[in-house]
Amino acid sequence: MSKFAEKYGPWAVVTGASAGIGTEYALRIAERGVNVVLVARRRDRLEELASTIEDMYRVKARVAPADLTSRDIVEVLQPAIADLDVGLLVNCAGMGTTGPFLDQDPGIQEAMLNLNCRAPALLTHELAQGMRERGRGGVIVVSSLSGFCAARGMTNYNATKAYDLIFAEGLASELKAHGVDVQAMCPGGTYTEFQRVAGLEPKNFGPLQRLMFTTPTAVVAMSLATLGGRVTVVQGWMNRLLVISMKLMPRRISTWVFGAFMERFSAGH
Ligand SMILES: NC(=O)c1ccc[n+]([C@@H]2O[C@H](COP(=O)([O-])OP(=O)(O)OC[C@H]3O[C@@H](n4cnc5c(N)ncnc54)[C@H](OP(=O)(O)O)[C@@H]3O)[C@@H](O)[C@H]2O)c1
C-alpha cells in the first residue's frame, strides 16, 4: 500500500468529479491506490469515469449523482457513503458568474453560495468526524486566486472563494493536532468548463494567456504533492506573484486593479 493510501485511504470523496479539476483529482487519487466516490450532477460522466478508473487502477469507484446546491446534501449522499471509511474529502465542485452583482439572477447567486460555501462546510462537518476519530485523513477545499481579492464583476464569486480559503485555513489549524491535513488549494486560470459556465474568455488575455493559464494536471499534481505540508497552495509562479502584489497593495487599489484585470477576461469584453 502506498504511503498516500495509508494516510488518506481507504476511500476518498471527490465533488465536482464529472469535469475539469475534479476529474483529475479522482484519477490521481485512484492512481495512488485510494477508492473513490464520485459526486456531481451528470451521472453519465461519473459512470464513464468510474469505469475508466476501475479499468486503469486496482481500486473501486462509486458514483453518487447529486445536486450540491440542495438543502439536504448530506442526507442525499448518505446512501453512497454511510458504509465507508472516508479518509480524504476533496471539495472541488464550484461555479462562477460574471457581471454586475445587482444585474445577476438572485437564485443563481444563492445556488453559488450553496455550492461553493455551504456544501464544503456541511460535507466537511460530516466526513471529517471519522478522520478526527481515526487520527488521520485529509480535506482539500478548492478555493481560487480570486479568494485573495475582491473584484468588480465577480463580487459574489470572489467572496465565496475567500470563504473557502479562510474556512480551510481555520480548519487546518483546528485539525492539525488530530492528524488531519487540510489544504486550501488556490488555482489561477485553469483550462476547464469553468470559463464557459462563468462567462470568461481566456483568449482575451492575448499573449499573457500562456503565462496565466494552466491545466488541471498541473493544479492537482501540486495539490497532492503538497498535501500535509503547506496549507495554502497557490499554483504557478505568476499566480504567486499576483498574490504577493495583492497583499502589498492597499485593498482599495488591489480591488480596482483586480477588477480591471478580470473585466478584460470576461467573455463580453
Ligand atoms: N478553472 C479555473 O480557472 C478555476 C480557477 C480557480 C478556481 N477554480 C475552482 O476549481 C473548482 C473546479 O472547477 P473546474 O475549473 O474544474 O470547473 P468545471 O470544469 O466547470 O467543473 C465544475 C464541477 O462542479 C460540478 N458542479 C457544478 N454545479 C454542481 C452542482 N449544483 N452540484 C454538484 N456538482 C456541481 C460540475 O459537475 P456537474 O455539472 O455534472 O454537476 C463539475 O464536475 C471550482 O471550485 C472553481 O471555483 C477554477
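Is alanine 198 buried or exposed, and how many other C-beta atoms lie within 10 Å? Alanine 198 is buried, because 20 other C-beta atoms lie within 10 Å, and a residue counts as buried at 20 or more such atoms, as exposed at 12 or fewer and as partly exposed in between, with C-beta atoms placed from the backbone. The model is predicted: local features need pLDDT of at least 70, side-chain atom pairs count only at pLDDT 80 or more, and totals for chains, interfaces and linings use all residues. Residues are numbered from 1 along each chain as its sequence is written.

**Alanine 198**
- Alanine 198 lies in helix H7; helices (H or I, at least four residues) and strands (E, at least two) are DSSP runs numbered from the N terminus.
- Beyond neighbours within four places in sequence, alanine 198 is in contact with Met95, Gly96, Thr97 and Thr98 (contact: C-beta atoms, placed from the backbone, within 7 Å).

**Ligand shell**
- The ligand is surrounded by 29 residues, the closest being Gly16, Gly20, Arg41, Gly94 and Thr192 (C-beta atom, placed from the backbone, within 6 Å).
- Helices H2 (20-31) and H7 (194-198) each supply at least two shell residues, and the largest share, three residues, comes from H2.

**Cis peptide bond**
- The bond from glycine 9 to proline 10 is cis, with omega near 0°.
- Proline 10 is in the loop between helix H1 (3-8) and strand S1 (11-15).

How values were computed: Two residues are in contact if their C-beta atoms, placed from the backbone, lie within 7 Å.
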